[in-house]
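Thanks, everyone, for making the time this morning. I would like to walk through one model with you, starting with its overall build and ending with a single side chain.

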Amino acid sequence: MTSSPMVHELGRIDVVALEDRPALSRDVPLDLNEVQTAWPAFEGAFDSLQGRRMMGLIFGGDAVYRLATARLDRDVGNALGLDESIIPGGDYLRLRLRGEAPGLYSQIEAAFDVLFTLAHHDHDHERPHIESYRREGEIDCLVPIQTEG
């Protein structure tokens, strides 16, 4: 897999390397209605979303969607009783979507289809696909690929 960026009509595609990150999470069935219902409750449990990176990890083989946020220093003790998990690091193909909601959300499935097609031979089936909500109007879609080397 090349590390030079590609451009697709949905956005720029890059290879990025992530580090493993401890997270607080909650698993729900991989069902659009279940996921859409779970997000407001998950986000609403936190005292503030400032500094938080909200992510959805898609475990296709298990039909599980994991709502997650990277653990922050202020999460000491996990007072919310959320699951403790790891956002897996490694190499990922990333397509960054930009736009206005709700249209932006409707592009997520297409972005993953594009990335999965590009990653086909290098796809790492052991790690989840990740949707990372960077800020309002910006979502990174990430598909894991085998680490070169």
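What percentage of the 149 residues in the protein do buried residues make up? They make up 44%, where buried means under 20% relative accessible area with a 1.4 Å probe and protein chains only.

Before going on, a word on conventions. This is a predicted model, in which local features need pLDDT of at least 70 and side-chain atom pairs count only at pLDDT 80 or more, while totals for chains, interfaces and linings use all residues. Residues are numbered from 1 along each chain as its sequence is written, and side-chain values use heavy atoms, with hydrogens and water left out.

The secondary structure comes to 2 helices and 9 strands, taken as DSSP runs numbered from the N terminus (H or I of at least four residues for helices, E of at least two for strands). Along the sequence the pattern reads β-β-β-α-β-β-β-β-α-β-β. The radius of gyration is 15 Å, close to the 15 Å that the globule rule gives for 149 residues, so the protein is as compact as a globular protein of that length; the radius is taken over C-alpha atoms, and the rule is 2.2 Å times the number of residues to the power 0.38. Of the contacts (heavy atoms within 4.5 Å) with a separation of 6 or more, 68% join residues 24 or more positions apart.

Leaving aside residues up to four places away in sequence, Leu97 touches several others, including Leu10, Ile108, Ala111 and Cys141.

Beyond residues up to four places away in sequence, the contacts of Arg94 include Asp14, Leu115, Asp140 and Cys141.

Note on methods: Buried means under 20% relative accessible area, exposed over 50%, partly exposed in between (1.4 Å probe, protein chains only).
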